[in-house]
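Open the model in your viewer and keep the selection panel at hand. Each stop below says what to pick and what is there.

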Amino acid sequence: MEATPSTDQDHGLRLAEEEVTSLASDLIRIDTTNTGDPRTLKGERAAAEYVAGKLTEVGYEITYVESGDHPGRGNVIARLPGADSSRGGLLVHGHLDVVPADPSEWSVHPFSGEVKDGYLWGRGAVDMKDMVAMSLAVARRLKRDGITPPRDIVFAFLADEEAGGFHGAQWLADHRPELFEGCTEAISEVGGYSVTFKDGVRAYLVQTAEKGIRWLKLRVRGRAGHGSMVHEDNAVSKLSEAVAKLGNHRFPLVLTDSVREFLAGVSELTGWEFPEDDIDTAITKLGNLSRIVGATLRDTANPTMLTAGYKHNVIPSVAEAAVDCRILPGREEAFDRELAELLGPEVEREWVGLPPVETKFEGRIVDAMSAALIAEDPEAKTLPYMVSAGTDAKSFARLGMNCYGFAPLKLPPELDFSSLFHGVDERVPVDSLQFGVRVLDRFIRNS
């Protein structure tokens with residue numbers, strides 16, 4: 001039976017709605033730029049201390065952790081005990097770091113946290129200080145109002161997601177797994193937001209899968225020499241040919257269970273068809289969403305950086321390239337074979353990577369998500385989908401959790417939301433933040 005808040009608790013929920021924008025704005029103003037380079041990153045400590053202060057203010061006991069010998073990479077974890085200790089707990093997690101932003105490209109300063117035209121603007125407004133603020137507002141509301149959820153809720157605010165989570169979720173999963181003891185499910189970013197199809201049909205996409213990450217370094221060796229000479233063993237030339245071959249390669253179409261279920265759901269809602277023999281054309285019907293869905297139809301390997309040489313007239317002996325590879329669930333071995341065939345034995349390969357993640361769109365937790373959304377938006381439909389990017393879910397899946405993207409936002413149809421991830425003029429509607437607080441509050445109280 002659904003828990004119904006009392007009048008006092010209704011007031012507490014309104015307070016949470018009122019404070020979520022200021023919480024998100026405060027967090028955006030704390031510059032947590034993560035370049036991946038220790039010389040230029042800002043670190044998350046100030047944001048972590050801000051979150052810790054807001055939690056302790058209402059009575060939480062928090063754990064503040066910095067990873068190993070990397071000062072400033074702050075992580076905050078707090079647990080709210082539930083009514084039934086025999087049930088698996090729910091982890092609600094979000095990352096505090098953001099990607100870089102160039103103020104000269106923005107119409108507002110990316111670290112201003114400005115509210116304008118009904119939107120909250122700034123780096124992290126979408127990825128993902130919006131969800132951090134919503135989670136924080138709900139966590140404060142539950143503790144402040146003395147609400148006991150059905151099961152344990154663990155709130156985690158993490159470092160370093162934008163560079164792989166090596167000083168955040170990955171480090172905690174390896175070194176402090178007891179902080180998440182008993183958690184069987186987790187929710188976080190890149191899901192729960194609405195998309196509007198034809199005739200105003202609105203669906204909320206719950207992330208049930210994400211591609212694997214492989215940050216690949218290619219290395220080719222040749223013979224060093226003078227740039228004025230005839231040279232047949234040029235590392236730069238050989239690497240350029242390999243990179244061009246890889247960049248132009250099209251990996252095979254593979255429809256995973258998550259993608260098939262998503263497309264079937266869209267067909268049911270809209271009547272659109274997605275024939276496999278012309279699916280690349282068919283998904284253009286999805287509009288802006290087609291960028292995300294298109295990237296989940298096959299593996300990708302995109303060259304992103306080239307490094308070679310130190311002087312104009314010196315042929316270097318080594319040339320290197322960085323390639324961002326994203327791999328579908330179940331495709332890791334096939335991807336490796338295809339890569340080896342494309343590049344051949346002369347191109348050295350080394351990488352760091354995180355595996356794909358996929359879970360089922362079913363069960364009590366999915367029912368609770370749908371019910372919470374419908375309570376706030378009676379026309380809501382929910383669909384599973386796969387995201388082409390990676391999240392901290394990869395680390396928590398290793399601890400045995402079923403992981404979902406559920407950061408609920410009801411968005412205006414005209415907003416190109418997917419383009420705002422890591423984009424210029426990142427922003428989120430203020431009323432979407434308030435909607436998210438109401439949905440998360442109901443979900444947590446009834447999950």
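Are α3 and α12 parallel, perpendicular or oblique to each other? Select both helices. The axes of α3 and helix α12 (residues 430–445) come within 9 Å. They cross at roughly 50°. The two helices are therefore oblique to each other. By the cut-offs, angles under 35 degrees count as roughly parallel, over 145 as roughly antiparallel, 65 to 115 as roughly perpendicular, and the rest as oblique. Axes here are lines fitted to C-alpha atoms, for helices over the stretch in contact, and angles run from 0 to 180 degrees between N-to-C directions.

Before going further, two notes on the source. This is a predicted model: local features need pLDDT of at least 70, side-chain atom pairs count only at pLDDT 80 or more, and totals for chains, interfaces and linings use all residues. Residues are numbered from 1 along each chain as its sequence is written, and side-chain values use heavy atoms, with hydrogens and water left out.

**Stop 1: the helix pairs around α3**

Stay on α3 and α12. Their crossing is right-handed. A crossing is right-handed if the near helix is turned clockwise from the far one by less than a right angle, and left-handed if anticlockwise. Show side chains at the contact (heavy atoms within 4.5 Å). On the α3 side, pick D130, M131, M134, S135, A137, V138, R141 and L142. They meet S432, L433, G436, V437, L440, D441, I444 and R445 in α12. Helices are DSSP runs (H or I, at least four residues), strands likewise (E, at least two), numbered from the N terminus.

The axes of α2 and α3 come within 9 Å and cross at roughly 20°. That makes α2 roughly parallel to α3. Y50, V51, K54, L55 and E57 of α2 make the contact with L136, A139 and R140 of α3. This crossing, too, is right-handed.

**Stop 2: the domains**

Colour by domain. The assignment, automatic or from a database, gives domain 1 (7–192 + 357–445) and domain 2 (209–354). Their centres, taken over C-alpha atoms, are separated by 30 Å. At the boundary, 23 residues of domain 1 are in contact with 24 residues of domain 2.

**Stop 3: the nonpolar cores**

A nonpolar core is a set of buried Ala, Val, Leu, Ile, Met, Phe, Trp, Tyr and Cys residues joined through side-chain atoms within 4.5 Å. Buried means under 20% relative accessible area, exposed over 50%, partly exposed in between (1.4 Å probe, protein chains only).

Select I187, Y193, F262, L286, L289 and F443. Of the 98 residues in the largest nonpolar core, these touch the most other members. The largest share of this core, 9 residues, comes from helix α3 (residues 129–144).

Zoom in on L289. Not counting residues up to four places away in sequence, L289 touches Y193, V195, F197, L205 and F262. Then look for the other core, which lies apart. That one has 20 residues, among them A242, A321, L343 and V347.

**Stop 4: single residues**

Pick G12, in helix α1 (residues 7–29). G12 counts as buried, at 1% relative accessibility. Beyond four places in sequence, G12 touches R141, R144 and D145. Draw a distance from G12 to H249: 55 Å, C-alpha to C-alpha, with the two 237 residues apart in sequence.

Next is P100, in the loop between β3 (89–95) and β4 (115–116). P100 is partly exposed, with a relative accessible area of 45%. Leaving aside neighbours within four places in sequence, P100 is in contact with T33, N34, T35 and R123.

**Stop 5: backbone details**

Which peptide bond is cis? The one joining D127 and M128, with omega about -15°. M128 is in the loop between β5 (119–121) and α3.

Then select V190. Its phi is near 60°, a positive value in a residue other than glycine. V190 sits in the loop between β7 (183–188) and β8 (193–196), and is buried at 12% relative accessible area.

End at D425. Phi of D425 is also near 60°. D425 lies in the loop between β18 (402–405) and β19 (427–429). At 17% relative accessibility, D425 counts as buried.
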